[in-house]
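Thanks for coming. Please look at the sequence and the model on the screen while I talk.

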Amino acid sequence: MSAATPASTRTSTEKKPMLRRRLALIGAGIAGISLTATAAFAAPAVFQDLTAPKPGTTVSNLPAGQDNPMIASGVAIGANTAIYKSSGLGPSALNTAAPAGSEQRYVDTGVFPGGVLPPGVTITEAQGINALRRIGENLAQAGLDYDDVITMRVFLQNPAGAEKADFDGWNRAYRQYFANTSLADGSAVKVPLGSAAPAEPFVVTPARPSRFALEIENLPVNGWLVEVEVDAAYPASGGR
């Protein structure tokens, strides 16, 4: 784990030894394959039909032929599945040395000491990391975690002086918390922080929510460049 990684960061597998994994593959002749596994990624595959998910379960429709796809094409939600919906959450104003209302105010100093960004880390990437840490805290209040997220909506504002939103920086932040395991064997896939060499992601999780990301003119808080809201599914009884 790099020096930039917060000390409080730990993998999903560390948090839940018997974590219920929701992975899905769509392949030739297969309507959907959902994998439910322990932290050791040892459980056998369970075939499920996207058109009729079992009650209390979700089935992700993932692009074929990719070992580490970023997002799902959609998510089938079985009957009687309990869902948690967050509000739109942005980064917290943790960099108190920066002016109030500035973009730099929303750099997480727990990740980037002193608010100093390493080479190649963009302000959108830094704010994305901050916002996704807040998402994790919000989920924890409901007894959930990143691996329970099934859908995500992202709103991005252009950084000052930029002609468009920084989707690349956002996606690097996203990969630190989502979609960073191999579908083949469940191993972690390294993620770059800015222009640094890829390294262990902040949180290792197979969760690949369906997602949209939009560029908008103004977010509701001065200085915000990122706002995120998620839906998460409570695991079926005995699933963890």
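Before that, some ground rules. This is a predicted model, in which local features need pLDDT of at least 70 and side-chain atom pairs count only at pLDDT 80 or more, while totals for chains, interfaces and linings use all residues. Residues are numbered from 1 along each chain as its sequence is written, and side-chain values use heavy atoms, with hydrogens and water left out.

The sheet comes first. Four strands form an open sheet in the order β6-β9-β7-β8, and the pairing is mixed. Two strands pair if DSSP finds at least two bridges between them. Because β6 and β8 each have a single partner strand, they stand at the edges, and one side of each has no neighbour in the sheet. On average, neighbouring strands are turned by 10° against each other, direction ignored. Axes for such angles are lines fitted to C-alpha atoms, for helices over the stretch in contact, and angles run from 0 to 180 degrees between N-to-C directions.

Now the pairs. β6 and β9 run antiparallel and are joined by three bridges; in one place, lysine 85 has aspartate 231 of β9 as its bridge partner. β7 and β9 are also antiparallel, over seven bridges. Valine 154 stands opposite valine 228 in β9. Of the eight residues of β9, seven are buried, where buried means under 20% relative accessible area, exposed over 50%, and partly exposed in between, with a 1.4 Å probe and protein chains only.

What lies on this sheet? α2 lies across β6, β7 and β9, at about 35° to β9. α3 touches β7, β8 and β9, and its direction makes about 150° with that of β8. Contact means heavy atoms within 4.5 Å.

Next, the core. A nonpolar core is a set of buried Ala, Val, Leu, Ile, Met, Phe, Trp, Tyr and Cys residues joined through side-chain atoms within 4.5 Å. The largest one has 36 residues, and Met152, Trp170, Phe178 and Val228 touch the most other members. α2, β7, α3 and β9 each supply at least two residues, and α2 gives the most, with seven. Leaving aside neighbours within four places in sequence, the contacts of tryptophan 170 include Leu132, Met152, Val154 and Val228.

Now threonine 151, in strand β7. Is threonine 151 buried or exposed? Threonine 151 is buried, because its relative accessible area is 15%. Its side chain makes a polar contact of 2.6 Å with the side chain of aspartate 231, and another of 3.5 Å with that of arginine 153. A polar contact is a pair of N or O atoms within 3.5 Å; within protein, one must be able to donate a hydrogen and the other to accept it, and residues adjacent in sequence count only if both atoms are side-chain atoms.

Most residues other than glycine have a negative phi. Asparagine 80, in the loop between β5 and β6, has a positive phi of about 65°. Alanine 179, in the loop between α3 and β8, has a positive phi of about 50°. Asparagine 80 is exposed, with a relative accessible area of 75%, whereas alanine 179 is buried, at 0%.
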